[in-house]
Amino acid sequence: MAALQRLQPVSHVAVSGGTHGNEMSGIYLVKHWLREPSALQRDSFSATPFLANPLAIERCVRYVGRDLNRTFTKQFLNSKAAWDEPYEVQRAREINQLYGPKGSAQAFDFLFELHNTTANVGACLIASVQDNLLPMHLCHFIQTHCTLGHYPILLYNLPDQEAYSISSVAKHGLAFELGPQPQGVLRADLLTQMGALVACALDFIDLFNKGTTFPAFETEAYRFIGSVDYPRHPDGELCASVHSKLQDKDFLPLRPGDPIFQTFSGEEILYQGHATIYPVFINEAAYYEKKIAFNKTEKCSLSIPALQRE
Amino acid sequence: MTSPATLNHHKDHYICFQQSLKLLNRMTSCSVVLGAPVRRVAIFGGTHGNELSGVFLVKHWQKNGAEIQRSGLQVTPFITNPRAVKKCTRYIDCDLNRVFDPDNLGRKVMEDIPYEVRKAQEINNLFGPKGSDVAYDLIFDLHNTTSNMGGTLILENSGNDFIIQMFHYIKNALAPESCPVFLIEHPNLKYATTRSIAKHPVGVEVGPQPQGVLRADILDKMRKIIKHGLDFVRIFNEGEEFPPCTIEVYRIIEKVDYPRNKNDEIIAIIHPCLQDQDWQPLNKGDPVFLTCDGETIAYEGDSTVYPTFVNEAAYYEKKQAFVKTVKVKLTAKGLRSSSS
């Protein structure tokens, strides 16, 4: 086990809602915090709430031109402004100016992004595979202190893939993904849970800033390894739906030979992979156009060294 | 060998029996309505382009219609809002399921006419005209909702014996699974639906399902409802007599909006105790909304109501958090096809 790691205290923290304009929990919470910021204040810092995609929020759609949460790569952020570029490219650059620049010393210390999904993920904590220390300690703190539920950790990008989500603009980031909730719907139970998660996360940062030592630990996480599309007709139309035995079974093992799709004529299609995987984002509405019926993850074990502020 | 005395005795009995039968027939025919056979049936999907069960069922039946064929009927599956379906959105310019009123159907087609109004006129030409003799006999209009309504049948007219008998048949076929019937007959809350162009309009609303999502269990439920509906039509056409029947329905009485501030922003949301409780009784004092500050707003009405369309995504813009209904019993007369 590695020795105690030290990091600089965390002073600039942001919380974004509405990266996708129809994921209502984050939008409603941020609008509330913009009117009443007291819940985001701690002794050692205050978090800044902001609405990431105001135009999409106004129209209650995921995005207007392109998915904002796929637009925070250096390619888009450093591109030259063009008159015909999608709204979200311009917005990503603005967000990068306000809370980044990504990769620089001036960037915010921590950015939280609030999401909902139509998939039955419960409440999961999503981090990039590269950013291992502070977010993992934060996740561990949530798992041990936030008792409203069970909080699996998902590492969303491939090992050599650049982190592309909004929280990658800051030095450290984490997404809270709560579901199932339909797009455009606000459920009170998920809203309460999302608020509690943010509060717990800010408590952790405050404790960290005050010099608390967080001991080393081992944790289980689910690491993204690829995705599976729906069976389609040559014209691209779906010819099957997610099988009723797979529906709502996010984070549960899927073994070779298990049913994954059922056609409209009643035939079953079975999983052809070689090993057990853990499907996540099963039947997410926004992923039909991304050609994803579910994401595949494998369980991995992370050893995280102890942490204390400098 | 029977003696003449015995034959006469049998004959008297026989005459008595015939007279009894005639009396019985007269009594029965007082409470039996003769209905015209139902020959032309349509099944509409995609009236809202992001309600996917109907979209995929109709597309499947257009490729392979064996499942929906019945002898003695012509059944046409049809996508009503193709542009909205392609974009996977509820509508392009305006809600197709609200524009089948005489004004919109008779409107002059100009450049700037909303897409859905133009579509409504086309659909009225193909399957109507609404109110005429040549309109389709029966239209099933397939919908999904984000509300926890289960498989709900929607009735527009409390006097339509044919549909009440059909709903009675479907409910029995699906029992013990429940199949609530929602009656939208109301002086000003009733709306001009796509299916209203037919003589017999039937709404099929299955939830909960998010917009843009296709769930196998919800698809299956909708499929079963259609199967039983078509079975009823075939049996009816073949001359079966359906005795008078009574069904319990939920009749709409009022829509309830979210509490809003002076900027028209929502300041309270559906309370967790009401969320997912469609068709369950709501009594005075029961929680309905939860404010941002964590306060509960309770139902203040004096009588029990049965809420439905609780937290439907598409109704935020229509200023509808849920709809109040009351339980009502509807009776249909006995029914038989006039062609038998």
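The following legends describe close-up views of a predicted model.

**Figure 1. Overall build of chain A.**
Chain A of this predicted model contains six helices and 14 strands. Its C-alpha trace spans about 60 × 50 × 40 Å along the principal axes. Among the contacts in chain A between residues at least 6 apart in sequence, 75% join residues at least 24 apart.

**Figure 2. Helix 1 of chain A and its surroundings.**
Helix 1 of chain A covers residues 24-35. From its first C-alpha to its last, this 12-residue helix reaches 17 Å, close to the 16 Å expected at 1.5 Å a residue. Nine of its 12 residues are buried, so helix 1 of chain A is largely enclosed by the rest of the structure. The buried residues are Met24(A), Ser25(A), Gly26(A), Ile27(A), Tyr28(A), Leu29(A), Val30(A), His32(A) and Trp33(A). Within chain A, the buried residues of the helix pack against strand 2 (13-17), strand 3 (47-51), helix 2 (54-59), strand 4 and helix 6. They also pack against strand 9 of chain B.

**Figure 3. The nonpolar cores.**
The largest nonpolar core has 74 residues. Phe112(A), Ile142(A), Phe176(A) and Phe322(B) are the residues that touch the most other members of this core. Helix 6 (residues 188-209) of chain A supplies the largest share, 12 residues. A second, separate core has 68 residues, including Tyr230(A), Val202(B), Val206(B) and Phe242(B).

**Figure 4. Contacts of Phe322(B).**
Leaving aside residues up to four places away in sequence, Phe322(B) touches Lys255(B), Val256(B), Ile270(B), Leu274(B), Leu282(B), Val288(B), Phe289(B), Pro307(B), Thr308(B), Phe309(B) and Val310(B). Phe322(B) is also among the residues that touch the most other members of the largest nonpolar core.

Over all chains, the count of aromatic pairs comes to 32. In one of them, the ring centres of Phe261(A) and Phe294(A) lie 6.4 Å apart and the planes meet at 40 degrees, so the pair is tilted. This pair links distant parts of the chain, with Phe261(A) in strand 10 (residues 259-263) and Phe294(A) in strand 13 (residues 294-304) of chain A, 33 residues apart. Both Phe261(A) and Phe294(A) are buried. Tyr258(B) and Phe289(B) also form a tilted pair, at 6.1 Å centre to centre and 50 degrees between the planes. Here Tyr258(B) belongs to the loop between strand 8 (245-256) and strand 9 of chain B, whereas Phe289(B) belongs to strand 10 of chain B, and the two are 31 residues apart. Tyr258(B) and Phe289(B) are buried.

**Figure 5. An aromatic cluster and two arginines over rings in chain B.**
One aromatic cluster is formed by Phe182(B), Tyr250(B), Trp279(B), Tyr306(B), Phe309(B) and Tyr315(B). Arg83(B) lies over the face of Tyr115(B), at 4.8 Å from the ring centre. Arg98(B) lies over the face of Tyr191(B), at 3.8 Å from the ring centre.

In chain A, the peptide bond from Gly100(A) to Pro101(A) is cis, with omega near 0 degrees. Pro101(A) lies in the loop between helix 4 (87-99) and strand 4 (110-116) of chain A. In chain B, a cis peptide bond joins Ala175(B) to Pro176(B), with omega about 5 degrees. Pro176(B) is in the loop between helix 6 (161-174) and strand 6 (181-183) of chain B.

**Figure 6. Positive phi values in loops of chain B.**
Asp276(B), a residue other than glycine, has a positive phi near 75 degrees. Asp276(B) is found in the loop between strand 9 (268-270) and strand 10 (287-291) of chain B. With a relative accessibility of 26%, Asp276(B) counts as partly exposed. Asn311(B) is likewise not a glycine, and its phi is positive at about 60 degrees. The loop that holds Asn311(B) runs between strand 12 (306-308) and strand 13 (322-332) of chain B. Asn311(B) is buried, its relative accessible area being 1%.

**Figure 7. Lys87(B) and its separation from Asp302(B).**
Lys87(B) is in helix 3 (residues 82-87) of chain B. At 61% relative accessibility, Lys87(B) counts as exposed. Lys87(B) and Asp302(B) are 215 residues apart in sequence, and their C-alpha atoms are 45 Å apart in space.

Terms used:
Residues are numbered from 1 along each chain as its sequence is written. Chains are lettered from A and ligands numbered from 1 in the order in which they are written. This is a predicted model: local features need pLDDT of at least 70, side-chain atom pairs count only at pLDDT 80 or more; totals for chains, interfaces and linings use all residues. Side-chain values use heavy atoms; hydrogens and water are left out. Helices (H or I, at least four residues) and strands (E, at least two) are DSSP runs, numbered from the N terminus. Buried means under 20% relative accessible area, exposed over 50%, partly exposed in between (1.4 Å probe, protein chains only). Rings of Phe, Tyr and Trp (its six-membered ring) pair if their centres lie within 6.5 Å; planes under 30 degrees apart count as stacked, over 60 as edge-to-face and the rest as tilted. A charge sits over a ring if NZ of Lys or CZ of Arg is within 6 Å of the ring centre and within 35 degrees of the ring normal. A nonpolar core is a set of buried Ala, Val, Leu, Ile, Met, Phe, Trp, Tyr and Cys residues joined through side-chain atoms within 4.5 Å. Contact means heavy atoms within 4.5 Å. The expected span of a helix is 1.5 Å times one less than its number of residues.
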